[in-house]
Amino acid sequence: MSEQPATPESPPPPPSLSEEHAAERVRLEREYLGWSTGELAKRMTAAGYPMNQSSVWRIESGEPRRRINLDEAIGFAKVFDLPLEEFLGPPESSSDKHITQLTTEVVARYRFLLDLMQSTSSVFKAVDQYNAMLPQHAQELNDRIARAIAEENRRRGPVRESPMVFLRYPAFQQAEKPSDAAAQE
């Protein structure tokens with residue numbers, strides 16, 4: 001009996017669940033989290049699913065791979081904070097999940113950066129207004145700001161990467177370019 005392709009009237013077939021998917025998912029999730037095989041074994045054991053480093057390695061890389069029993073699958077899903085079905089599903093779904101998480105985090109940080117840039121711009125406008133109103137104090141104000149920033153850099157360490165890191169993304173570059181009409185004004 002051959003499989004029939006999905007039609008608009010019938011729902012698509014459920015995702016394929018397999019031990020191979022689970023074994024590959026163990027490796028992908030562990031690497032994504034930056035854990036060693038030993039660290040994953042410790043976390044499994046702490047969660048109530050005793051496992052040693054050798055077992056994790058054999059699940060991921062053994063020839064043949066070590067089988068994962070149902071309790072261990074539940075443990076891995078728990079440790080990786082995944083629904084069991086997702087843990088057992090195709091490993092590609094892991095990439096989509098991580099891409100979504102990273103994209104959400106970058107956008108949240110970008111919004112935060114824009115808010116900071118806007119509030120910083122407002123404060124520098126106030127500095128400029130103060131300097132314009134009281135030019136005799138402008139040098140003192142500017143010197144104090146420079147010393148305070150230098151002290152903050154010494155205390156916390158300088159920023160290693162510019163906020164302009166977002167320029168690596170073409171969509172951001174396009175958004176920052178003035179339109180031809182605005183440039184002609």
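**Salt bridges and core of a helical model**

The structure holds 14 salt bridges. The model is a predicted one.

Colleague: What is the pattern along the sequence?
Modeller: The protein reads α-α-α-α-α-α-α-α-α. That is nine helices and zero strands.

Colleague: Back to the salt bridges. Which residues are linked in a network?
Modeller: Glu20, Glu24, Arg27, Arg30, Glu31, Glu60 and Arg65 are linked through salt bridges.

Colleague: What about Arg30 and Glu31, how far apart are N and O?
Modeller: Their side chains meet at 3.9 Å, N to O.

Colleague: Is Arg30 buried or exposed?
Modeller: Arg30 has a relative accessibility of 11%, so it counts as buried, the cut-off being under 20%. Glu31 is partly exposed, with a relative accessible area of 43%.

Colleague: Where do Glu105 and Arg109 lie?
Modeller: Both are in helix α6, residues 92-133. They are four residues apart, about one turn of the helix.

Colleague: Which residue does Glu152 form a salt bridge with?
Modeller: Arg155. The closest N and O atoms are 2.7 Å apart. Glu152 is partly exposed at 29%, while Arg155 is exposed at 58%.

Colleague: Switching to the core. Which residues touch the most other members of the largest nonpolar core?
Modeller: Val26, Leu40, Phe76, Phe80 and Phe87, out of 19 residues in that core. The elements giving two or more residues to this core are α1 (19-33), α2 (37-46), α3 (53-61) and α4 (70-79).

Colleague: Which element gives the most to this core?
Modeller: α4, with four residues. As background, nonpolar side chains tend to be buried together in soluble globular proteins.

Colleague: What is Phe87 in contact with, leaving aside neighbours within four places in sequence?
Modeller: His21, Ala22, Arg25, Val26, Ala73, Phe76, Ala77, Phe80 and Leu82.

Colleague: Some aromatics there. How many aromatic pairs does the structure hold?
Modeller: Four. In one of them, the rings of Phe76 and Phe87 have their centres 5.8 Å apart and their planes at 25 degrees, so that pair is stacked. Phe76 lies in helix α4 and Phe87 in helix α5 (residues 84-88), so the pair ties together parts eleven residues apart in sequence. Phe76 and Phe87 are both buried.

Colleague: And Phe80 with Phe87, why is that pair tilted?
Modeller: The planes are at 35 degrees, so the pair is tilted; stacked would need under 30 and edge-to-face over 60. The ring centres are 6.5 Å apart. Phe80 is buried too, like Phe87.

Colleague: Which residues form the aromatic cluster?
Modeller: Trp35, Phe76, Phe80 and Phe87 form one cluster.

Colleague: Now the surface. Which residues make the nonpolar patch of about 260 Å²?
Modeller: Tyr32, Leu33 and Leu102. Tyr32 has its place in helix α1. Tyr32 is partly exposed, at 35% relative accessible area.

Colleague: How about the accessible surface of the protein, what does that come to?
Modeller: About 13800 Å², of which 57% belongs to carbon and sulfur atoms. Buried residues make up 23% of the 185.

Colleague: Last one. Among contacts between residues at least 6 apart in sequence, how many join residues at least 24 apart?
Modeller: 57% of those contacts do.

Definitions and conventions. Residues are numbered from 1 along each chain as its sequence is written. This is a predicted model: local features need pLDDT of at least 70, side-chain atom pairs count only at pLDDT 80 or more; totals for chains, interfaces and linings use all residues. Side-chain values use heavy atoms; hydrogens and water are left out. Buried means under 20% relative accessible area, exposed over 50%, partly exposed in between (1.4 Å probe, protein chains only). Contact means heavy atoms within 4.5 Å. Accessible areas come from the Shrake-Rupley method with a 1.4 Å probe; for residues, only the protein chains shown count as cover. A nonpolar core is a set of buried Ala, Val, Leu, Ile, Met, Phe, Trp, Tyr and Cys residues joined through side-chain atoms within 4.5 Å. Patches are made of residues with over 30% relative accessible area and no salt bridge: like charges are joined within 9 Å, nonpolar side chains (Val, Leu, Ile, Met, Phe, Trp, Tyr) within 5 Å. A salt bridge is a side-chain nitrogen of Lys or Arg within 4 Å of a carboxyl oxygen of Asp or Glu. Rings of Phe, Tyr and Trp (its six-membered ring) pair if their centres lie within 6.5 Å; planes under 30 degrees apart count as stacked, over 60 as edge-to-face and the rest as tilted.
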